[in-house]
Amino acid sequence: MSTTDADALDLAQFCARYLAAWNGHDATAMADLVTDDIVWADPALPGPIRGVPAVQEFMRTAWVTFPDLRFDESDEPHCTFEGPRVAWRWRMRGTMTGPIEPPGFAPTGRAMEVEGVDLWAMRDGRIARARAYYDMNDIARQLGLAPAPGSAGEKAAAAMQRALARVTRRRAS
């Protein structure tokens, strides 16, 4: 991708369509934005997913957990000079009123807000590889799924981890 004004406008339009798919809860619209063989990596997933149906299911699952999930751009998207790669900075907000499956966390009713970056490898004007970067630990703390730093909950979790580590070492020897 070059960095001409026309390409920047196309990228802006593409990102607007991407936002509209997420914010409009329109998983069908995502099919036009990604390749059939998309590889999608996100910290919320246990590993990369592949294919349009898997991406659409990930979106639907996110909307069950966060019915008010919203994304907005916190910076303008841009292209690197090493081929058709896009870095897109965003902000995500939502309230956890549904479960997180897996692993089975119950809704907390708490809100989260986090900034992140997607790195996309584009092919034929569509995303062929997507990798999201954001702080899952911060989201877990905001949602009440992980203890706050310095809290009694964090101290209890650390004590449990130390005990488990001792048991694991004993079994290994």
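**Close-up 1. A network of salt bridges links Asp72, Arg89, Arg91, Arg93, Glu113 and Glu115 in this predicted model.** A salt bridge is counted where a side-chain nitrogen of Lys or Arg lies within 4 Å of a carboxyl oxygen of Asp or Glu, and a search of the whole structure finds 8 of them. Residues are numbered from 1 along each chain as its sequence is written, and side-chain values rest on heavy atoms, with hydrogens and water left out. Because the model is predicted, local features need pLDDT of at least 70 and side-chain atom pairs count only at pLDDT 80 or more, whereas totals for chains, interfaces and linings use all residues.

**Close-up 2. Arg91 takes part in salt bridges with Asp72 and with Glu113.** The closest N and O atoms of Arg91 and Asp72 are 2.7 Å apart; Arg91 lies in strand E5 (residues 85-95) and Asp72 in strand E3 (residues 70-73), so this pair ties together parts that are 19 residues apart in sequence. Strands (E, at least two residues) and helices (H or I, at least four) are DSSP runs, numbered from the N terminus. For Glu113 and Arg91 the N to O distance is 3.6 Å, and since Glu113 belongs to strand E6 (residues 111-123), the pair ties E6 to E5 across 22 residues of sequence. Arg91 is buried at a relative accessible area of 19%, while Glu113 is partly exposed at 39%, where buried means under 20%, exposed over 50% and partly exposed in between (1.4 Å probe, protein chains only).

Close-up 3. Arg126 is partly exposed at 26% relative accessibility, whereas Asp36 is exposed at 63%.

**Close-up 4. Strand E7 pairs with E1 and with E6.** Two strands pair if DSSP finds at least two bridges between them; E1 and E7 run parallel and are joined by 4 bridges, with Arg129 of E7 as the bridge partner of Val39. E6 and E7 pair in the antiparallel sense over 7 bridges, and Ala130 in E7 is the bridge partner of Trp120. These two strands, E6 and E7, form a hairpin with 2 residues between them, and Asp124 in the turn has a positive phi of about 55 degrees.
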